[in-house]
Amino acid sequence: LAVDDGLRTGYHFQPPKHWINDPNGVMYYKGVYHLFYQYNPKGAVWGNIVWAHAVSTDLVDWIMLPPAIYPTAPFDVNGCWSGSATVLPDGTPVIMYTGIDGENRQVQNVAYPKDLSDPYLREWVKPDYNPVIAPGPGMNATAFRDPTTAWQGPDGLWRLVIGTKDNHRGLAVLYRSRDFKRWAPAKRALHSGDTGMWECPDFYPVTTSPAVGSGGGGSGNGTKHVLKVSLDLTRFEYYTFGEYDHATDTYVPDAALADGNDGLRYDYGNFYASKTFLDTAKQRRVLWGWANESDSATADIRKGWAGVQAIPRKIWLSSDGKQLVQWPVAEIESLRGAHANVTDTLVAGGSHFEVTGLASAAQADVEASFQVMDLDKAEPFDPAWRGADAQTVCAARGADARGGVGPFGLWALASDEHGERTAVFFRVFKGGDGGKHVVLMCNDPSMSSHADDLYKPTFAGFVDVDIAQTGGKIALRTLIDHSVVESFGAHGKTCILSRVYPTKAVGDKARLYVFNNGESDVKVTHLNAYEMRSAKITSDAVEPTKR
Ligand code: FRU
């Protein structure tokens with residue numbers, strides 16, 4: 001059995017065909033959202049990388065434009081890799097990206113819009129003085145890439161960081177410039193970790209308010225700075241946040257936060273090379289991330305496409321200041337159609353029920369609130385799991401392993417007899433730190449497909465909630481989109497995106513269930529499942545040369 005085209009997404013961003021990876025240069029400029037992304041114009045595997053370009057006024061519907069940045073010069077002849085956009089104070093946007101030069105060195109180049117009066121900024125010009133940053137002596141020239149959006153210090157100088165490594169040490173190296181043209185390396189890296197190469201760093205201010213100001217400034221007064229990196233060795237991202245002193249360019253992560261494997265993640269699933277931008281129209285910070293396929297390269301070639309972008313997420317600091325919180329941008333709710341509703345329905349231990357009334361649950365937005373009726377039934381947290389990551393625990397106790405409290409949650413993309421299903425669920429243990437319950441959120445795709453040749457890892461994260469304090473209540477939102485199951489636990493505290501490839505639970509055959517495999521009964525206090533309309537993806541009919 002093979003993966004087929006019925007699995008293209010309806011409202012998660014995808015171009016009509018070919019390979020995509022990292023979101024690049026994301027920005028809001030004069031009423032238009034820009035999404036550039038790594039793209040192979042020739043096929044469904046990685047290669048021939050250019051910056052494809054799409055624009056939107058609402059982050060939902062997209063107009064596909066011709067590639068904006070592609071190899072043209074000695075400084076990018078072997079590829080135009082990831083980078084970021086910065087909107088300068090005079091309103092001009094500038095892109096800085098990694099070019100792969102004739103000697104396969106990674107160098108940083110700038111590009112400016114050719115015509116600021118073109119609302120879509122279709123064409124970009126690369127000045128002859130590129131590259132503006134080349135790897136210095138002693139630096140690793142094949143691991144020196146992915147410049148961040150720049151920020152301006154009180155001294156008026158621009159700063160940005162670039163991802164690199166020194167042997168096994170990942171580094172975010174800092175550069176400064178007065179004019180965006182001549183850049184000088186700082187003596188010290190902004191931060192580093194013993195984790196291997198740091199790809200796609202991102203550095204930005206956050207506060208506990210989802211509404212943000214214009215950014216800039218150092219930390220303090222409730223502002224923290226976030227540093228996120230992507231680890232090419234393990235293919236996951238983690239972040240820290242802490243104090244950034246603008247005057248000395250020192251970044252000190254909060255003491256409770258770890259670098260590397262134990263670090264906090266935006267997403268505990270398939271989500272990589274992410275990047276944020278400041279949306280000045282809506283005073284929010286928005287996160288874009290790439291979700292790779294988890295079928296085989298052969299399947300990708302047969303399908304003719306590979307890779308999607310996760311739903312753009314608003315991101316801010318939780319009110320307790322302990323982690324970041326994310327939520328799908330409100331705009332996607334405009335795609336909601338008919339919905340099914342469940343209220344105050346008890347799901348006895350060991351039972352399940354189907355959420356009926358949707359024409360199809362292949363493209364849906366599900367918001368659910370559960371209440372555990374008897375938290376005392378929680379099993380003790382096995383001391384052997386202390387220090388283990390959630391994924392290890394969840395892999396040991398999958399969706400079908402009976403528990404005390406949980407597993408309970410959703411079977412998404414389920415077939416008739418739920419022979420195919422992707423389980424998104426919570427499991428609660430007692431005996432955590434300070435006697436609190438340990439809450440685990442998992443995505444178990446082991447039953448997701450009858451197809452073979454699929455990578456089906458269990459994904460999981462801990463959820464930082466005191467479930468006794470909430471009276472046993474916990475919320476789950478899951479965006480289902482044919483081959484995407486993207487979940488937000490506890491109002492966005494723990495997020496998991498998973499790619500799955502059902503063979504039967506496709507189109508109007510896809511169903512949705514609530515299940516409870518624990519001893520304790522669980523009440524669905526409310527559940528709304530909305531059918532989602534497809535986003536409009538149109539291509540720009542006007543030839544750029546004819547404008
Ligand atoms: C991350 C990454 C970046 C690089 C780009 C190349 O997925 O490897 O480090 O710039 O993809 O496509």
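Some ground rules before we look. This is a predicted model, where local features need pLDDT of at least 70, side-chain atom pairs count only at pLDDT 80 or more, and totals for chains, interfaces and linings use all residues. Residues are numbered from 1 along each chain as its sequence is written, and side-chain values use heavy atoms, with hydrogens and water left out.

Let's start with the ligand. Which residues surround the ligand? They are Asn21, Asp22, Gln38, Trp46, Trp81, Ser82, Arg145, Asp146, Glu199, Tyr272, Ala273 and Trp290; a residue makes this list if one of its heavy atoms lies within 4 Å of the molecule. By class, that shell has 5 nonpolar, 3 polar and 4 charged residues. For those classes, Ala, Val, Leu, Ile, Met, Phe, Trp, Tyr, Cys and Pro count as nonpolar, Asp, Glu, Lys and Arg as charged, and the others, Gly among them, as polar.

Now for some distances to oxygen atoms of the ligand. A polar side-chain atom of aspartate 146 lies 2.6 Å from one such oxygen atom, and for a polar side-chain atom of arginine 145 the distance to a ligand oxygen is 2.7 Å. Serine 82 takes part through its backbone, with an N or O atom 3.1 Å from an oxygen atom of the ligand. The protein covers 93% of the 320 Å² of accessible area that the ligand has on its own, as computed by the Shrake-Rupley method with a 1.4 Å probe. Which elements give two or more residues to this shell? Those are β1 (18-29), β5 (80-87) and β19 (272-279). Strands here are DSSP runs of E with at least two residues, helices are runs of H or I with at least four, and both are numbered from the N terminus.

Two strands pair if DSSP finds at least two bridges between them, and 6 bridges join β5 to β6 (residues 93-100).

In the loop between β5 and β6 sits threonine 92. Is threonine 92 buried or exposed? It counts as buried because its relative accessibility is 15%, and buried means under 20% relative accessible area, exposed over 50%, and partly exposed in between (1.4 Å probe, protein chains only). Leaving out residues up to four places away in sequence, threonine 92 touches Thr86, Val87, Tyr112, Pro113 and Leu116, where contact means heavy atoms within 4.5 Å.

Last stop, the backbone. Most residues other than glycine have a negative phi, and most peptide bonds are trans. Here, a cis peptide bond joins asparagine 130 and proline 131, with omega about -5 degrees. Another cis bond runs from glycine 406 to proline 407, with omega near 5 degrees, and proline 407 is in strand β29 (residues 405-414).

Leucine 59 has a positive phi of about 65 degrees and lies in the loop between β3 (50-56) and β4 (62-69). Leucine 121 has a positive phi of about 50 degrees, in the loop between β7 (106-113) and β8. Leucine 59 counts as buried at 4% relative accessibility, and leucine 121 counts as buried at 1%.

Definitions and conventions: A polar contact is a pair of N or O atoms within 3.5 Å; within protein, one must be able to donate a hydrogen and the other to accept it, and residues adjacent in sequence count only if both atoms are side-chain atoms.
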